[in-house]
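Trainee: I want to go through the voids in this model. Can we start with the chain as a whole?

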Amino acid sequence: MTETALTVHQTARPHGFPTPADFAFIESPLPEPTPGTALVENLYWSVDPYHREMMDGDFALNAPLEGRALGRVVESRDPALREGEMVLHWQGWRTHSVVTPAEVRAVPHFDGVPLSAHLSILGGTGLTAYVGLTRVAELREGQDVFVSAAAGGVGTATGRLAGLMGAGRLVGSAGTAAKAAYLTEHVGYDEVFDYHTGPTAELLAKAAPDGIDLYMDNVGGEHLEAAISSLREYGRIVRIGTITQYNSTGAPYTLRNLPDIVEKSLRMEGFHLRNHFDVQEELNEFVVPHLQSGRIGLDETVVDGFGGIVDAFLGMLRGENRGKIIVRAAGAADSSGV
Ligand code: NAP
């Protein structure tokens with residue numbers, strides 16, 4: 001184990017897109033666990049769009065950032081935390097964390113499933129997709145689904161899970177032609193368009209000429225307006241996120257077809273993952289056998305080295321990831337858990 005720890009602090013409030021200058025890596029001696037806590041050496045980190053939302057005011061400046069991380073207990077002063085145990089916690093953006101038993105969740109071992117999966121399809125990303133499809137959309141077999149940011153973490157998980165659940169036609173949108181090709185070739189989407197190539201409403205109408213039953217909305221704005229136009233009567237919109245606005249300095253997009261929600265008896269509902277952590281076991285039971293049989297694969301962009309965490313976060317906001325973006329500690333590849 002190294003002798004010092006690194007922690008990322010936010011040092012300024014960004015106006016629009018954040019830059020590396022809004023963050024600092026702070027070096028300090030290794031923290032020491034006090035009675036009732038344990039020292040965790042972090043191995044995998046999740047960087048997420050919600051971090052950008054929190055940078056506007058929720059994160060304190062010049063203090064350690066929070067985030068999902070997975071690591072190994074290396075020194076324990078509490079019998080509930082065994083040395084060598086793998087745990088998930090929220091004290092991310094740092095190489096080492098001192099945690100209490102209440103702050104962690106033990107990482108279950110599933111034969112053949114890499115540790116990184118606990119931050120992608122089995123993590124908050126997959127759980128968001130699963131809750132959206134089962135609890136909010138109440139997806140039924142044969143229903144046609146449209147997903148925005150389809151090549152991202154939640155978008156790829158939504159495609160994989162909807163396919164397993166027997167959805168009808170799966171249509172997606174993504175930021176490049178290469179991402180679109182990946183989604184149709186590997187993830188199970190039937191049709192994917194690059195939303196930079198024209199007005200979203202026209203692209204969606206062409207990709208789904210017979211309409212859609214369900215829209216899984218990761219982005220808001222023009223995509224949401226397009227989906228309202230393409231939804232069939234009694235269709236549903238699941239509001240997951242609004243990434244079009246997180247870096248925007250302009251006025252929010254104004255939807256021009258709100259009357260269609262009434263005319264077509266549409267239903268729109270948002271949700272927050274923090275209210276659905278009780279669904280985790282059900283997700284594991286549903287997905288793990290399909291990962292183990294190879295029926296579905298992992299969609300992950302893995303960045304090596306904690307020093308790349310800020311660039312990974314900024315790259316994700318720019319759309320440089322394909323699947324869930326995960327940062328992996330140097331040398332952690334050997335702890336894959338497979
Ligand atoms: P992600 O999709 O892996 O990464 C973000 C993606 O958004 C980028 O790869 C980029 O892909 C796309 N994007 C960026 N700017 C865009 C724009 N202006 N218009 C359209 N697409 C844009 O991130 P994620 O973690 O899976 O999150 C996806 C969404 O789910 C976010 O809105 C997030 O806030 C939300 N979320 C909500 C919950 C909840 O509890 N409700 C939980 C987790 C995540 P392209 O190349 O395709 O542009």
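What follows is a short exchange on confidence, fold, domains and voids.

Mentor: This is a predicted model, where local features need pLDDT of at least 70, side-chain atom pairs count only at pLDDT 80 or more, and totals for chains, interfaces and linings use all residues. Residues are numbered from 1 along each chain as its sequence is written, and side-chain values use heavy atoms, with hydrogens and water left out.

Trainee: What is the mean pLDDT of the chain?

Mentor: pLDDT is the predictor's confidence in each residue, from 0 to 100. Here 98% of the residues reach 70 or more. The pLDDT is below 50 over residues 334–338. Where pLDDT is low, the predicted coordinates should not be read in detail. The chain mean is 96.

Trainee: How many residues of domain 2 are in contact with domain 1?

Mentor: An automatic or database assignment sets the bounds: domain 1 is 4–113 + 298–328, and domain 2 is 124–274. Their C-alpha centres are 29 Å apart. With contact meaning heavy atoms within 4.5 Å, 16 residues of domain 1 meet a domain 2 set of 14 residues.

Trainee: Which helix gives the most to the lining of the largest cavity?

Mentor: On a 1 Å grid over the protein atoms alone, a cavity is a set of points where a 1.4 Å probe fits but cannot get out; lining residues have an atom within 4 Å of a point. The lining draws at least three residues from each domain. Among its residues are Gly 153, Thr 156 and Ala 157. With 3 residues, the top contributor is helix H3 (residues 153–164).

Trainee: Which elements give two or more residues to the lining of the second largest pocket?

Mentor: A pocket is an open set with protein on both sides within 12 Å along at least five of seven lines. This one is lined by 15 residues, with Arg 68, Leu 88, Trp 90, Arg 105 and Phe 277 nearest its centre. The elements are strand S5 (86–89) and helix H2 (124–136).

Terms used. Helices (H or I, at least four residues) and strands (E, at least two) are DSSP runs, numbered from the N terminus.
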